[in-house]
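I opened the model to look up its strands and its core. My notes are below.

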Amino acid sequence: MSEEHINVKVRTLTPIWTGGIEGSCDRLHETSIIGSMRWWYEAICNGFGYACDPSSIDRCELSGKEKDIKERMAKLCPSCALFGCGGFSRQFNLQINDAPSTPLHFRTSIPTNKNWLKQIFGGENKIIGSLNIFYGDIILKIIAKKENAEFLRSQLLMLLCFLSKYGAFGAKIQHGFGQFLLLDPEFALSNKIIRDGLKQLSHRIDEGQFLQKQDIPSSQYNLKNFICMEYDLETSSLAVFMKKGNHFGAESKIDEVRYLPCSFDLRYKAFKGGKSFGMRNWLEDTKNWDHDSVNKLMGVSKKKGEPQNDEDRSSSSINFSMPYRVNEGSYRLRIFGFAPPDTLTAENLVNLGKEYMHYAFGKVCNPKFVISGKEILESLGGANND
């Protein structure tokens, strides 16, 4: 089958983490980028109806007896139709060559946070300073199958625009990794690309071209539960993280100011100006949330220093980017995620984020940009916006 080649120029705004041997980031793994793209696409598809859980027994699978592409598509959810499943290969490949790297480092206002950072990022030896991550300009080389090419291209470009504008890609995005900018001139119209791609997806779902299931539990990771907020923070408000004594990791990065890897403090616990902050700390000590509610929002991987059982482990529902410099006087911070429906609504999550940012950075700290998945869906019109 013939192929279409799509080259996409990307500039990382914060480093990319893609995992590797013993949890370290040994090289840029395309499979990690593809995996994160699939996860986000599933959430988008859930906003229109249904995407299977590829790890469940109810996941999509083809028998090989299907006669044509129409019959195959009718047995696949939209996500499997793009990313593949048993009996059906992924409709594109991704290559990333010669990705520039930089040493790993962090900024933290509390010395004990360094121990947590070692455990999370240091691999088996718990060493931070010798690790590299990926930062700089890269080219995503997408090799897409020609069959269904127009729709395939629309979905891949929509997804990349969505992640660049509202989310992130790669692993450990809750720790601020994976913010990026699309450099090609065509992406200046990113809103149109997102809108057109979502409309094409909605149209095909409405026409019944993909598998749809009824009476299934709704996933939290659903576009209808999504929110994104961006703040421009004055450099002075982040001064505590620029102190040389609060640098942790490769010494060669001690003067790095293009991005500030302090997301761990912003999410968990930090200290500046005689006041503790960090969203988890704030929820527990100031908002008096119970531990279960905090864990549903902030995630949990350990309890009292012990690993959690798989059924008790959960990922974070809300993510903080690393602040990255937009000019000499300010840094941009993106907060994004999916509201856990049994804890709070997307609107409540936006309000909670605003309240926390007021607490952490003062009443003058207001978002420059806020959007919800519901607003994105409503902008399309149609029947999938209930």
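**Ground rules.** I noted that this is a predicted model, where local features need pLDDT of at least 70, side-chain atom pairs count only at pLDDT 80 or more, and totals for chains, interfaces and linings use all residues. Residues are numbered from 1 along each chain as its sequence is written, and side-chain values use heavy atoms, without hydrogens and water.

**Sheet.** I took helices (H or I, at least four residues) and strands (E, at least two) as DSSP runs, numbered from the N terminus. Strands pair if DSSP finds at least two bridges between them. I found an open sheet of four strands in the order β2-β6-β1-β7, with antiparallel pairing. β2 (92-95) and β7 (180-182) are the edge strands, each pairing on one side only. Between β2 and β6 (residues 137-145) I found four bridges. In that pairing, Leu94 stands opposite Ile142 of β6.

**Helix.** Next I looked up α5 (residues 149-166). Helix α5 lies across β1 (3-12), β2, β6 and β7; contact means heavy atoms within 4.5 Å. It runs at about 135° to β7, where axes are lines fitted to C-alpha atoms, for helices over the stretch in contact, and angles run from 0 to 180 degrees between N-to-C directions.

**Core.** Which residues touch the most other members of the largest nonpolar core? Val8 and Phe162 do, among 69 residues. A core is a set of buried Ala, Val, Leu, Ile, Met, Phe, Trp, Tyr and Cys residues joined through side-chain atoms within 4.5 Å; buried means under 20% relative accessible area (1.4 Å probe, protein chains only). Helix α5 gives the most to this core, 11 residues.

Methods
Buried < 20%, exposed > 50% of the residue type's maximum accessible area, 1.4 Å probe, protein only.
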